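This briefing covers aromatic pairs, strand pairing and a helix contact. Please read it alongside the sequence and the structure.

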Amino acid sequence: MTVKEAVRARTGSAYEVRGGDESLGEGEHTPPGTSAATADTPATPATVAAGRAAQELGLRRSEFELAVHLGLIAVTTGPGGGRPRVHEREIARLREDPGFPDGLAERVRTVGTAEGAALLGIAPARFTRLARAGCVSPVTFYLNRYRAVVWLYLADELASFAVREPELLAGRTPLGMRTMLEAGGDRRARNWRSQRIDRLLKRTADPWARAAVEASALDSAHLAEVVEDPYERAYLARVRPEPVFGRPGSVAARETMGELMLADDPDEILWRRINLTLGLDLAREERPAPHPGDDAGARMTPAPEPTSRVAPPQALPVAETAPPLSPTAGGTPSGLRDPGGKRLLARLGWRRRSHG
């Protein structure tokens, strides 16, 4: 029995898949006794619910949702929305992997501080210092019974870190890292935010949705300074993509996530404002935000020229990889200007604040 036949047998499908017939396209099925020549009408690809897909792939529901978040499993929703579903051909693809099922489960295995430290062969206190310094990044979290945040890390990423940076697992902590830690620095939430934003950006090419993802890291005061038009702010809130399976269920977890999503360091806030400003430029070139009185949600503007192009999605700078911006005596760098010559920092509406 082939892998595809095994999948069909386990899902109790009423039809047979000819796994060896390469002439059939994806989502096309040939019922018993029907030749491929007569089955030339494409059918809608069969899908299963997320819970059923998790069972077929040998994953717990939390592992399945994490795999979707990481982009390891493709999901789809119907034209009318509804809960995400998985194509049966996607399940078959994953099951055909030579390392299945252990390979997929290992890629989404998460560990806490104690287990992560044991995996790296170091003390839990050292693991915490490495995480606070940003050497390893959490992928998710949960609240313990005291409502404290417990960060979780991908075991696969920790193993890669051990191979890549063995000198950080023993000996004295580097001076720069030690100075940052002694000053109370903690990059865990910032790294989690950055990775979360990057993964949401990968799921959409719409410039307004991409700008909305960047806006999600700014509080209402900073957002109002960058996006002065209240209708644009309302549109950003409406089109902002959310994780496939939504926010945590409990009220405490939702409140905690809302707090963790907001940038809280001055240089991170500045970079998010820059990213949002650049993203808004692309979005406004694509189309204006709808205002009251617009016809079918579109601004009443002259029709674009036939040769006008849609700006493709572009990767925006992120706080983790971008160099720090330090204002110099001569003002901002010359590169931070828009085509009209106006300085980018001035467009950001950046005002000096006391951040403590």
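Rings of Phe, Tyr and Trp (its six-membered ring) pair if their centres lie within 6.5 Å; planes under 30 degrees apart count as stacked, over 60 as edge-to-face and the rest as tilted. Ring pairs link Phe 141, Trp 151 and Trp 192 into a cluster. The model is predicted, so local features need pLDDT of at least 70 and side-chain atom pairs count only at pLDDT 80 or more, while totals for chains, interfaces and linings use all residues. Residues are numbered from 1 along each chain as its sequence is written, and side-chain values use heavy atoms, leaving out hydrogens and water.

**Aromatic pairs**

- The structure holds 5 aromatic pairs.
- One of them, Trp 151 with Trp 192, is tilted, at 6.1 Å centre to centre and 50 degrees between the planes.
- Trp 151 lies in strand S6 and Trp 192 in helix H10 (residues 188-202), so this pair ties together parts 41 residues apart in sequence.
- Both Trp 151 and Trp 192 are buried (under 20% relative accessible area, 1.4 Å probe, protein chains only).

**Strands**

- Helices (H or I, at least four residues) and strands (E, at least two) are DSSP runs, numbered from the N terminus.
- Strands S5 (residues 140-143) and S6 run antiparallel and are joined by 4 bridges; pairing requires at least two DSSP bridges.
- Thr 140 has Leu 152 in S6 as its bridge partner.

**Helix contact**

- Thr 113, Gly 116, Ala 117 and Leu 120 in H6 meet Pro 124, Phe 127 and Thr 128 in H7 (contact means heavy atoms within 4.5 Å).

Technical notes: Buried means under 20% relative accessible area, exposed over 50%, partly exposed in between (1.4 Å probe, protein chains only).
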